[in-house]
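Student: Let's go through this one. Where do we start?

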Amino acid sequence: MTLLDDETRMAVRESVNEIFTRGTGVGDLRSAIRDLGWREIVDIDASASSILFEAQGRALAASSLLDDVVLEHLDPLLDGNARRTVLYPVDLSDGEPSRDQAVGKGIVLGPVDNVDEIVVVTRGDRGVMIGTVKVSDLKAAPVTLTAFDRGSGWLAVHAPVEAGRSVAAGDAWPAAIAAGRRAIAAEMVGVCQQALNVAVAHTSAREQYGRPLASFQSVRHTLSEAHAAIESLRVLLEAAWADSLSDHEARSAATVLKIRAGDVQAIVMRRTVQVLGAMGMTLESDMHRFVTRAAVLDQLLGGYRQLAEELGCDLLSGVPASRLVAI
Amino acid sequence: MPYTNASGRYVRRLPLTHKGKPSLVISSPTDTYPQDLGLFARDLRARLADAAFDPWRHDDLHTAEDRIAHEAALLGRLYDEGWNRYGWPEDAGGLGGTLLHRAAMYDELSEAGLPVPGPCMPLETLAAPMLKFSPDIARKLLPAALRGKQWWGQGFSEPESGSDLASLRCRARIDGDDYVVSGQKLWTSFGATASHYVCLVRTGTQESRHRGLSMIVIDREARGVTVRPVAIASGLNELAEVFFDEVRVPKENLIGEQGQGWAAAMYLLQFERSVYGWQSAGSALRRFRDLRSQMVGRRLPDGALGRLGMLYADIVTLRARNAQTLRRLDHGDPVGPEASVDKVLLARVEIDLHDLARDVLGADFLMSDDDSSRAWREEWWYSRSATVLGGSSEVQRTIIADHVLGLPKESS
């Protein structure tokens, strides 16, 4: 895999940011990105998708772009060219497919109006299975989720899976999860970075006791900690894309990355909310939107607390503690 | 006797060379290690698995002095076989290659369950300014250091100058062909057993702060040098206080020009942040694996599994960051204030690893006499230095605030 050079990367980033800040509808977003020549860009450098998802995070944009990442691995198993969306299992926070093979429970990332089928992953005695459910077969209408994060546009779905229309997932589901986790981590970088930018701008401008809040040591140190956390996520994201990783290592790296993404949002948001004072916890500023978006992103494909505990359990039962990064 | 290593390279015995002891040197008509980092690492990995290295895989030593002597012997062995000479210039005892060879060696040691020899830490930090500013000094001192016969102490901090290093007072005045040095240094790592001290001394006025500093190498055996070991709370003499009472130091021992001390220190800091960070990260992964083994079959405190998973994730993250910084340094890019992020990440790993060990091992950590518990106790105390030595956590956060985030300055 070749890489985009720095200059090209920067140009792509600017164009992508511009698309997201324009604030188009989901459909327009997809065409705008397609028109950018996105397909060619990721063909040259697959890791360029990080640019896309980071931009989405910064803009707090809502879209189902993540489906494209996941479906790239699942579509080959499925028949026909129906328009599809993915049902993300969030019933169990470890990203494990639903244990009830008859019903897929989870969320979809956007409206099902322009979609024919929902891709459902289930696990049972036949192992992990991938199936499709026609939108027209849904018994209950999807419910928009607005409890904590109000702007995601995500929907809760219960999808009845017909036994006959499932196929064994094989290697495709772990590969899809790893790719999905890399994309989510990139989006998390964007959300956290923008939250920090807002916090830096606010504390640099706002004055008390005759000087900016950001001239007080505890505020400065708090913001530095948030910066260090975000940088740690950036570098790990880059490492998760390394060519030198085997498939197995890439999956381990994506799990580690997902854990860190959740931890970083916890570190960053606690700090950015704090330094904004009352502005941070009210609707008087946008900070709450970063908090809630980061929180629901953590839930997709494995919440960090659950993943960390499972990883600890795996390590204790003999899974090697691989270095994953080598010089 | 000669052996053929994993890649079929013939290792031969040279005639008696060093102090009557035979040396083994990797030899082949064309030494491909300098150009082939992957081969170097693979061959080293295979070699370190050999039982010849077993004496260093477990530690039952009870003093810092014994431990560093033992680890210096490991370094000597690595020298005899050629491994640690890669990455150093040939005219200073090296065999060519780059910083990445050294980094690969430290990593393979950790992967093999071996410690990074203590002498390698000051070596990486202090050889750098020598090589850059005064190669003659490097040519003179590096060979013995690579052999593990000598190691150096970094004489920077003083009783009155810790975080505010630019305020240091240890004076050096010119007298004929010498500098005459008076003052003291404190918290010098490896100071109790070091052969030389690389010191920042004041050659200008006190008011000139960092502009009036020079870097100089002082021989421990010079008249007027007194060393007082300083123990970490574990009881180990990991540090020292060094007193200089009108010590004559030849002018040739200056690293760089007079007044260039601060620039030399800033240069050195890049290696401390990156290479020392990498050495520590590899050791942390090794100790993580040790702790993990000890946790199997043990009744664990609440949350231990999650902490173990998080810690592993933090170690991989630290390694990713360190590797990136090292590659930049190897490429010739300056490592600037962003390296404070590396230090913040390292400190968190050191503290979290050792706090997890303490929590998991419970009463054993506090009261058992076995080697393993003793080692964790000693390391727990030493790990408290991660947020203090080499620039405290507070200083790192201030550097990030000032030079990375560009926040408004703290007013005085």
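Tutor: With the element names: helices are DSSP runs of H or I with at least four residues, strands are DSSP runs of E with at least two, and both are numbered from the N terminus. The model is predicted: local features need pLDDT of at least 70, side-chain atom pairs count only at pLDDT 80 or more, and totals for chains, interfaces and linings use all residues. Residues are numbered from 1 along each chain as its sequence is written, chains are lettered from A and ligands numbered from 1 in the order in which they are written, and side-chain values use heavy atoms, without hydrogens and water.

Student: Where does Leu407(B) lie?

Tutor: In the segment after α10 (393-404) of chain B. Just after α10(B), Gly406(B) takes a positive phi of about 65°.

Student: Is Leu407(B) buried or exposed?

Tutor: Buried, at a relative accessible area of 4%; buried means under 20%, exposed over 50%, and partly exposed in between (1.4 Å probe, protein chains only).

Student: And what does Leu407(B) touch?

Tutor: Leaving aside residues up to four places away in sequence, Leu407(B) touches Val200(A), Ser204(A), Ala214(A), Arg220(A), Leu223(A) and Ala401(B). Contact means heavy atoms within 4.5 Å.

Student: What do the buried residues of α10(B) pack against?

Tutor: Against α7 of chain A, together with α6 (261-295) and α8 (339-367) of chain B. The buried residues of α10(B) are Ser393(B), Gln396(B), Arg397(B), Thr398(B), Ile400(B) and Ala401(B).

Student: OK, the interface. How many residues does the contact take from chain A and chain B?

Tutor: 43 from chain A and 51 from chain B. The area buried between them, that is, the accessible area (1.4 Å probe) that two parts lose on being put together, summed over both, is about 4,000 Å², with carbon and sulfur atoms giving 65%. On the chain A side, Arg220(A), Arg323(A) and Ile327(A) lose the most area to chain B, together 22% of what that side buries.

Student: How many salt bridges across the interface of chain A and chain B?

Tutor: Eight, where a salt bridge is a side-chain nitrogen of Lys or Arg within 4 Å of a carboxyl oxygen of Asp or Glu. Arg323(A) and Glu111(B) meet in a salt bridge through their side chains, at 3.6 Å, N to O.

Student: Which elements of chain A each supply at least two residues of the side that touches chain B?

Tutor: α6, β9 (211-212), α7 (217-240), α8 (247-275) and α11 (304-316). The largest share, 14 residues, comes from α7(A).

Student: New topic, the core. Of the 164 residues in the largest nonpolar core, which touch the most other members?

Tutor: Phe288(B) and Tyr312(B). A nonpolar core is a set of buried Ala, Val, Leu, Ile, Met, Phe, Trp, Tyr and Cys residues joined through side-chain atoms within 4.5 Å. Among the contacts of Phe288(B) beyond four places in sequence are Leu315(A), Ala321(A), Leu308(B) and Tyr312(B).

Student: Last one, α7 (residues 304-331) of chain B. How far does this helix reach from its first C-alpha to its last?

Tutor: 40 Å for 28 residues, close to the 40 Å expected at 1.5 Å a residue; the expected span is 1.5 Å times one less than the number of residues. Of those 28 residues of α7(B), 22 are buried, so the helix is largely enclosed by the rest of the structure. Just after α7(B), Gly332(B) has a positive phi of about 95°.
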